[in-house]
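Student: I would like to learn how to read a structure file feature by feature. Please start with the general idea each time and then turn to the case at hand.

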Amino acid sequence: MTTEAKLLHFQAPAAHPRETLSHEPPIEPQIAALLAAFRAHPRFLLTSHARPDGDAIGSALALAEVLDQLGRQVDIILADPIPTTYRALPNLHRIHHTPSANDIDPDRTTPAILLECDGIARTGLLGLEGRTLINIDHHASGRPFASINWIDEHACAVAAMVYRIAVAAKVDITHTMATCLYAAILSDTGSFTYSSTTADTFALVHHLAARGANPSQIARDIYLSNPASKIRLLGIALSNLQTEGDLAWTWVTSEDMDRIGAVAEDCEGVVNYLISIAGVESAVFLREVSDASQFRLSIRSKGKLDVAQIAEHFGGGGHRSASGCTIDGPLGVATERILTQLRTGL
């Protein structure tokens, strides 16, 4: 039985999270170290990666609630805005958008917790240098760069790790925390389609639904609230679709995006249409970064190919079946470089 399954086994949905149940499993050493660190400081900065996704946003909001209940002051900081599809999440008002952590903590002494990052550069924030850092990550490309590191690449989402922290800390799983965690897991498992989805995942989200998360409403908020610009961009991307054997790829240029008024977040999920094609085993979507002569890549696999290794080859990272990186242009050069790696399997 895995750790997540044990936690769920000993805390049934009907039980109050603060109840002490008999035969509780011991707290995992990594979580014990995190809780000790949380109790050692009165205040924390909490952040995640640039261009935040559902897991980054939902996990940060949920962990902030955990720290609240532990009596700690928390400031959530993100370098980039919240995508439209996640703006129905509760407590978004807590998130500060600023280029530097020093704008929130000018004394530069408050420790920072980083979610889903392989280093401080991944946050897109200035002002993290020299601080005590805590690193919580579930990517295969994660690395121990902080004072305290908990990396579990088997976790379906970093939200599942935050849930384990909440259970170990015996805090109340509030309906707002449950909503944020459910949304994070739903989005980061590809609506429960990625190989990281297991029986433990469904047991976890079952408990979150029992604690107040509304699965159908969360799904509608995430998947049925797209701006028109996203649909227009999808049309351009699908018109550029190319296939070769079990490979599929497409692209959009910055000129395309400017013409229809699209923004970077409108590109989210385009690659999933490519990987959904019968017979396609790996797919890549290339988005031109305006004024940078670079292309941001979203890479997907149905499992045969480890695209995390390919992304790491180009300085990116992620999961075996879902990763990303940035490659210098022009388009023809960037496309050929990534296709060469996908064809050979690195």
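The dialogue below takes up confidence, the sheet, the aromatic pairs and the backbone in turn.

Student: What should I know before reading any values?

Tutor: This is a predicted model, in which local features need pLDDT of at least 70 and side-chain atom pairs count only at pLDDT 80 or more, while totals for chains, interfaces and linings use all residues. Residues are numbered from 1 along each chain as its sequence is written, and side-chain values use heavy atoms, with hydrogens and water left out.

Student: What is the mean pLDDT of the protein chain, and where does pLDDT stay under 50?

Tutor: pLDDT is the predictor's confidence in each residue, from 0 to 100. Where pLDDT is low, the predicted coordinates should not be read in detail. Here the protein chain has a mean of 91, with 92% of its residues at 70 or more. The stretch under 50 is residues 1–23, for which the model has 45 contacts beyond four places in sequence; a contact means heavy atoms within 4.5 Å.

Student: In what order do the six strands of the open sheet lie?

Tutor: Helices (H or I, at least four residues) and strands (E, at least two) are DSSP runs, numbered from the N terminus. Two strands pair if DSSP finds at least two bridges between them. In this open sheet the order is β7-β8-β9-β10-β12-β11, with mixed pairing. The edges are β7 (242–244) and β11 (317–318); each has a single partner strand, so one side of each lacks a neighbour in the sheet. Within the sheet, β8 (residues 247–252) and β9 (residues 282–289) pair in the parallel sense over six bridges, and Thr250 stands opposite Phe285 in β9.

Student: Which strands does helix α8 touch, and which does helix α12 lie across?

Tutor: Axes are lines fitted to C-alpha atoms, for helices over the stretch in contact, and angles run from 0 to 180 degrees between N-to-C directions. Helix α8 (residues 228–239) packs on the sheet against β8 and β9, its direction making about 130° with that of β8. Helix α12 (residues 331–344) lies across β7, β8, β9, β10 and β12, at about 155° to β9.

Student: How many aromatic pairs does a search of the whole structure find?

Tutor: A pair of aromatic rings is described by the distance of the centres and the angle of the planes. Rings of Phe, Tyr and Trp (its six-membered ring) pair if their centres lie within 6.5 Å; planes under 30 degrees apart count as stacked, over 60 as edge-to-face and the rest as tilted. The search finds three pairs. One of them, Tyr182 with Phe192, is edge-to-face, at 6.3 Å centre to centre and 75° between the planes. Tyr182 lies in helix α5 (residues 175–188) and Phe192 in the loop between α5 and α6 (199–210), so this pair ties together parts 10 residues apart in sequence. The rings of Phe192 and Phe202 have centres 5.3 Å apart and planes at 40°, so that pair is tilted. Tyr182, Phe192 and Phe202 form one aromatic cluster.

Student: Is Tyr182 buried or exposed?

Tutor: Buried means under 20% relative accessible area, exposed over 50%, partly exposed in between (1.4 Å probe, protein chains only). Tyr182 is buried at 8%, whereas Phe202 is partly exposed at 43%.

Student: Which residues does a cis peptide bond join?

Tutor: Most residues other than glycine have a negative phi, and most peptide bonds are trans. Here the cis bond joins Gly329 and Pro330, with omega about 10°. Glu116 has a positive phi of about 60° although it is not a glycine, and is buried at 3%.
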